[in-house]
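Please look over the sequence and the model below before reading on.

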Amino acid sequence: MVEDSGKSQGKNNGLSRLGQKMAGDSGIVSLMDDLGQALALNPEMIFMGGGNPSRITELEDIFAEKLQAVLADERERHKLFGIYQSPQGELEFLQAVARLLNEELGWPVTAANIAVSNGSQSAFFNLFNMFGGRQEDGSYKKIQLPLAPEYLGYADVGVEEELFVAAKPRIEELDDNLFKYRVDFDELNIGDDIGAICVSRPTNPTGNVLTDGEIQKLDQLARAKGIPLIIDGAYGTPFPNMIFSEAKAHWNENTIVVFSFSKLGLPGARTGIVVANEDVIKAFTNTNTIVSLASGTLGPSIGKQLFADDSILRISNDIIRPYYEKASKLAQDAVRQSFKGLPYRLHKPEGAMFFWLWFKGLPISSEELYQRLKSRGVLVVAGHHFFVGLDEDWPHKDECLRVTYSQSPDVVAKGIQIIAEEVSKAYQSN
């Protein structure tokens, strides 16, 4: 027993508690590992698990054109390759973002309200640890997620443990095998131990778009407690505008909105944009300096070109939104055809690039279903990973799958058919 204990300790390699936490297994680590390794194991693997955007050649051509313009300008080329950005971001880029938000959305922001990060994931690491965790007076603050499921990438970004608390949603069952999660304000209790409220809109993993009314109520709750409302706008408006329902963009001095270039079609550029009041931006910038020193220049260099002529709005409104809305409708048709006769429900697709499938009374866990599908050459994500901060034993958590429909329609339809076959087998074997 002593020998085994020694071996177990050796596996930690002398890592601190934080080191062990960050180096350990998690939902987001498993997801990224699968994305990186699955193709090597099975060249025919159908990728319906990650958040990689579709390859849209028209967008790639536009990005290439903008990059060529940067490379052709000696001053801009040197700024791209040979100069650190300010930790807050290059002033000209910040001004371009502020102008667009001001003119397009009417937000009263300037460059002082904007900061850049190395992707929105690192932005949330900074923000969550700025507002959550051990406080100066010894108290402990958590980040409130108004409803679960939520983005699995949040789960392990806290420097300290148990950073998140989530509320169960109200489930509204709709016609045509659809359903929708809604914030259950009767059950949502924002206690004194909450440091910030955070929601993604559209929501990853479900494609849910919180209504304007829900956002207003959350804003009122946050203001009443003197804490910020953080909105993850990685799929939202005005860019990439991957929203299929009516939704008004929300910002005020008490709101922090985080945008991303990833779903615009530039995941490799690792560019996040934070919009907040000046005090938050200053604190975020100082934090970003310590964590990253400075952010990368590729995304802002291309982005500055896209903002200069408002082409970022054109590609969001005229290319990205129609593309994914069409892809969503084709995938819905495939689901209805393949899942006919099965006890399933599909979360009402209102945005993003995901389907959230709910199999009532599923005899096996979502993890087991994920493993069976992986062996069949279809990569999805097991639903239980997304119930961040909801410790309650709720069978619903193990009855769901997240499915990405960003592949070609034929590939998506094939993957959905295989999912239906495995789900049918699971019910039949019960």
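How many bridges join strand β10 to β11, and in which sense do the two run? Four bridges join strand β10 (residues 255–260) to β11, and the two strands run antiparallel; here strands (E, at least two residues) and helices (H or I, at least four residues) are DSSP runs, numbered from the N terminus, and two strands count as paired if DSSP finds at least two bridges between them. This is a predicted model, in which local features need pLDDT of at least 70 and side-chain atom pairs count only at pLDDT 80 or more, whereas totals for chains, interfaces and linings use all residues. Residues are numbered from 1 along each chain as its sequence is written, and side-chain values use heavy atoms, with hydrogens and water left out.

**The chain as a whole**

- The secondary structure of the chain comes to 13 helices and 16 strands, and its C-alpha trace spans about 65 × 55 × 50 Å along the principal axes.
- The radius of gyration, taken over C-alpha atoms, is compared with a globule rule of 2.2 Å times the number of residues to the power 0.38; for 430 residues a compact globule would have a value near 22 Å, and the chain agrees, with 22 Å.
- Of the 430 residues, 55% count as buried, where buried means under 20% relative accessible area, exposed over 50%, and partly exposed in between (1.4 Å probe, protein chains only).
- Taking contact to mean heavy atoms within 4.5 Å, 73% of the contacts between residues at least 6 apart in sequence join residues at least 24 apart.

- A276 is found in the loop between β11 and α9 (278–292), and it counts as buried because its relative accessibility is 0%.
- A276 touches N113, W251, T255, I256 and I281, not counting residues up to four places away in sequence; A276 and E253, which are 23 residues apart in sequence, are 6.6 Å apart in space, C-alpha to C-alpha.

**The six-stranded sheet**

- An open sheet of six strands has the order β6-β7-β12-β13-β16-β15, with mixed pairing, and its edge strands are β6 (170–173) and β15 (381–382), each of which pairs on one side only.
- β6 and strand β7 (residues 178–182) run antiparallel and are joined by four bridges, with R182 in β7 as the bridge partner of R170.
- The hairpin formed by β6 and β7 has four residues between the strands, and D176 in the turn has a positive phi of about 60 degrees.
- Strand β13 (residues 354–359) and strand β16 (residues 400–404) run antiparallel and are joined by five bridges, W358 having C400 in β16 as its bridge partner.

**Helix α10**

- Helix α10 (residues 298–308) is largely enclosed by the rest of the structure, because eight of its eleven residues are buried; these are G299, P300, S301, I302, G303, K304, L306 and F307.
- The buried residues of α10 pack against α4 (57–72), α5 (74–82), α6 (91–105), β2 and α11 (311–338).
- L293, in the loop between α9 and α10, has a positive phi of about 70 degrees although it is not a glycine, and at 46% relative accessibility it counts as partly exposed.

**The loop between β9 and β10**

- P240 has its place in the loop between β9 (229–232) and β10, and a cis peptide bond, with omega of about 0 degrees, joins F239 and P240.
- N241 lies in the loop between β9 and β10 and has a positive phi of about 60 degrees although it is not a glycine; N241 is buried, with a relative accessible area of 9%.
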